[in-house]
Amino acid sequence: MNDPSWRKPAGVLLILAWIVLWAALVLRIPRPAAWPLQLAWFAGAGLIWIAPLKPLLRWMESGKWRE
């Protein structure tokens, strides 16, 4: 049986590190000056960061990177 006890805290730390890195990246990329375009930029960036976490969340739960 796969014991997830160590994977969950490790995964949480990786998720937090990913959020910090993603925020730093998004803030360093030049943004458009008009506020509607900035709103779209940050809304998109605020949703896109979640996609790469699917394999990590699967690993945290099952111990496998792929199904």
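A residue counts as buried under 20% relative accessible area, as exposed over 50%, and as partly exposed in between (1.4 Å probe, protein chains only). The model here is predicted, so local features need pLDDT of at least 70 and side-chain atom pairs count only at pLDDT 80 or more, while totals for chains, interfaces and linings use all residues. Residues are numbered from 1 along each chain as its sequence is written, and side-chain values use heavy atoms, leaving out hydrogens and water.

Now to the rings. Rings of Phe, Tyr and Trp (its six-membered ring) pair if their centres lie within 6.5 Å; planes under 30 degrees apart are stacked, over 60 edge-to-face, and the rest tilted. That rule gives 2 aromatic pairs. Trp6 and Trp59 make an edge-to-face pair because their planes sit at 75 degrees, with ring centres 5.5 Å apart. This pair ties together distant parts of the chain, 53 residues apart: Trp6 lies in the segment before helix H1 (7-28), and Trp59 in helix H3 (residues 53-62). Helices here are DSSP runs (H or I, at least four residues), numbered from the N terminus. Trp6 is exposed at 54% relative accessibility, whereas Trp59 is buried at 11%.

The rings of Trp18 and Trp22 have their centres 5.7 Å apart and planes at 35 degrees, so they count as tilted. These two are 4 residues apart in helix H1, which means about one helical turn separates them.

Helix H1 also holds Leu16, which is partly exposed with a relative accessible area of 48%.
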